Amino acid sequence: MRTRVGIIGAGPAGLLLSHLLHRQGIDSVVLELRSRDYVEQRQRAGILEHGTAEVLRASGAGERMDRQGLPHEGIELRFDGRSHRIDLTAGTGGRSVMVYAQTEVVKDLIALREQAGGAVLFGAEALSVDGVDTTAPSIRYRHGGAERTLDCDIVVACDGFHGIGRRSVPEGLLTVSERTYPFAWLGILADVPPSCDELVYAHHARGFALHSMRSPRVSRLYLQVDPADSTDNWPDERIWDELDTRFTTDGAWRLGRGPITEKGITPMRSFVAEPMRHGRLFLAGDAAHIVPPTGAKGLNLAVADVTLLARALAHWHIRQDETLLDGYSETALRRVWRAEHFSYTMTSLLHTDPGATDFDRRLQLSHLRYIASSGAASASLAENYAGLPVV
Ligand code: RFL
Ligand code: PHB
């Protein structure tokens with residue numbers, strides 16, 4: 001099989017890239033290890049930055065998002081038993097975020113690729129990327145029990161943190177910057193209407209908690225736990241009791257409870273591999289970088305990467321001009337490092353570090369109070385949270 005752009009991975013990055021390329025008349029094939037059902041059900045992100053929603057809308061992928069997504073103009077920080085609203089629009093010239101789950105973005109993009117007759121091969125495992133130093137790279141993959149080769153002009157690895165794309169770059173050519181954190185998130189999905197209109201980020205001596213949502217009837221909540229902890233230790237009642245404790249506030253606020261339909265623990269890490277290109281192989285999304293989820297940036301970075309890359313590939317395809325492709329890594333990494341810093345800051349600000357000293361805790365509370373009381377500090381948080389323009 002042959003195509004212009006071979007894409008590994010049908011997460012948000014790979015699917016959106018394939019869709020954007022199609023709109024520019026560029027042919028691509030997406031290889032995805034998992035089944036369609038699996039990628040459509042995998043619970044992950046829930047917040048789309050202003051610019052992400054705009055990219056989806058402008059590409060014709062925002063129709064259901066605009067009908068069913070929940071636009072949010074603020075978030076709440078809760079600490080010291082009190083609530084503090086951060087106005088996202090005031091500090092950003094009217095920018096806001098959209099609550100619309102990654103599962104739904106993925107479903108919409110798969111449906112669009114399907115309608116356009118696009119090639120997305122599920123159950124297709126990329127095994128190696130070859131010839132990236134030549135003008136004729138290829139992907140060796142296994143599909144339906146047989147090994148095959150996809151010949152391409154360009155290969156884009158959108159295969160997430162554990163994929164093979166990044167590992168196909170010869171040893172020593174990538175610089176990796178990394179940090180792990182002494183905490184993880186226990187995430188639940190519950191059939192209960194959200195107990196808040198806006199997301200609540202709570203800092204508590206017992207650990208961080210987040211109240212998010214998927215729809216007017218489904219809540220998504222997270223608790224900071226130890227990375228070695230197991231969901232076996234967290235029966236439903238214990239989860240609700242702990243959430244109640246960490247969300248305690250001086251007002252009349254109550255957390256509604258309902259049946260928990262999903263439970264999982266995710267470790268937290270910051271990671272950047274650069275440059276995001278080697279020869280004819282490009283890296284995009286989680287394949288190149290990871291952020292801890294506190295800043296809600298991972299999916300948004302994946303969208304920003306492939307938006308840049310699609311534009312660069314169109315220049316190359318239509319004008320035979322490689323300038324934008326040559327600039328891709330540097331341009332993408334500027335945004336990546338801004339998001340790395342913001343995600344690190346939000347994570348350090350809100351979590352309870354088991355190794356923290358009393359001095360560290362006093363600094364953390366001082367920083368929280370500063371954000372809650374200073375227009376400049378809250379506008380800075382809002383600008384990063386709602387996201388800078390994509391291109
Ligand atoms: P994905 O989504 O991991 O997709 C990669 C795809 O590649 C496939 N694959 C392969 N296919 C073929 N051959 C191989 N050898 C392959 N190896 C892997 C995989 O099966 C998969 O389908 O990466 P992508 O597209 O870069 O998208 C990144 C986002 O998924 C990720 O950054 C976000 O989910 C992170 N994230 C959040 N991001 C946000 O912007 N806002 C949020 O609110 C937010 N919350 C979260 C999050 C991530 C979380 N977890 C579970 C890590 C909350 C959580 C709890
Ligand atoms: C989510 O809804 O899953 C979510 C929201 C905000 C975050 C992280 C995750 O910061």
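Is Q320 buried or exposed? To find out, select Q320 in this predicted model; the residue has a relative accessibility of 61% and counts as exposed. Q320 sits in the loop that runs between α7 (298–319) and α8. While the residue is selected, inspect its backbone: phi is positive, about 55°, although Q320 is not a glycine.

**Backbone geometry elsewhere**

Most residues other than glycine have a negative phi, and most peptide bonds are trans. Two further selections concern this background.

Select D80 next, in the loop between β5 (74–79) and β6 (82–87). D80 is not a glycine, yet its phi is positive, at about 55°. Its relative accessible area is 37%, so D80 is classed as partly exposed.

Then move to E274 and P275, and display the bond that joins them. The peptide bond from E274 to P275 is cis, and its omega is near 0°. P275 belongs to the loop between β17 and β18.

**The two domains**

Colour the protein chain by domain. Domain 1 comprises residues 5–72 + 98–177 + 269–346, and domain 2 comprises 181–268 + 355–386. The centres of the two domains, taken over C-alpha atoms, are separated by 29 Å. Select the residues in contact across the boundary: domain 1 contributes 24 residues and domain 2 contributes 22 residues.

How many salt bridges does the rule find across the interface of domain 1 and domain 2? The count across this interface is 0. Polar contacts, in turn, are found there in 8 residue pairs, with both residues at pLDDT 80 or more.

The elements β4 (70–72), β17 (260–274) and α8 (323–350) each supply at least two of the residues that touch domain 2. Helix α8 provides the largest share, 5 residues. By residue class, the side of domain 1 that touches domain 2 consists of 11 nonpolar, 8 polar and 5 charged residues.

**A buried serine**

Centre the view on S215, in strand β15 (residues 209–215). With a relative accessible area of 18%, S215 falls under the 20% cut-off and is therefore buried. Draw a distance from its side chain to the backbone nitrogen of V218; the value is 3.1 Å. Beyond its neighbours within four places in sequence, S215 is in contact with L70 and P194.

**Salt bridges**

Over the model, the rule counts 25 salt bridges.

Begin with E242 and R206, which form a salt bridge whose closest N and O atoms are 2.8 Å apart. This pair links distant parts of the chain: E242 is in helix α6 (residues 236–246), whereas R206 is in the loop between β14 (200–202) and β15, 36 residues apart.

Select R277 and D326 next. Their side chains meet in a salt bridge, with an N to O distance of 2.9 Å. Here too distant parts of the chain are linked, since R277 is in strand β18 (residues 277–278) and D326 in helix α8, 49 residues apart. R277 is partly exposed at 22% relative accessibility, and D326 is exposed, with a relative accessible area of 52%.

Remain on helix α8 and select R334 and E330. The closest N and O atoms of this salt bridge are 3.8 Å apart. R334 and E330 are 4 residues apart in helix α8, which means that about one helical turn separates them. Both residues are exposed.

R64, E104, K107 and D108 are joined into one network by salt bridges that share partners.

Note on methods
Residues are numbered from 1 along each chain as its sequence is written. Chains are lettered from A and ligands numbered from 1 in the order in which they are written. This is a predicted model: local features need pLDDT of at least 70, side-chain atom pairs count only at pLDDT 80 or more; totals for chains, interfaces and linings use all residues. Side-chain values use heavy atoms; hydrogens and water are left out. Domain bounds come from an automatic or database domain assignment. Contact means heavy atoms within 4.5 Å. A salt bridge is a side-chain nitrogen of Lys or Arg within 4 Å of a carboxyl oxygen of Asp or Glu. A polar contact is a pair of N or O atoms within 3.5 Å; within protein, one must be able to donate a hydrogen and the other to accept it, and residues adjacent in sequence count only if both atoms are side-chain atoms. Ala, Val, Leu, Ile, Met, Phe, Trp, Tyr, Cys and Pro count as nonpolar, Asp, Glu, Lys and Arg as charged, and the others, Gly among them, as polar. Buried means under 20% relative accessible area, exposed over 50%, partly exposed in between (1.4 Å probe, protein chains only).
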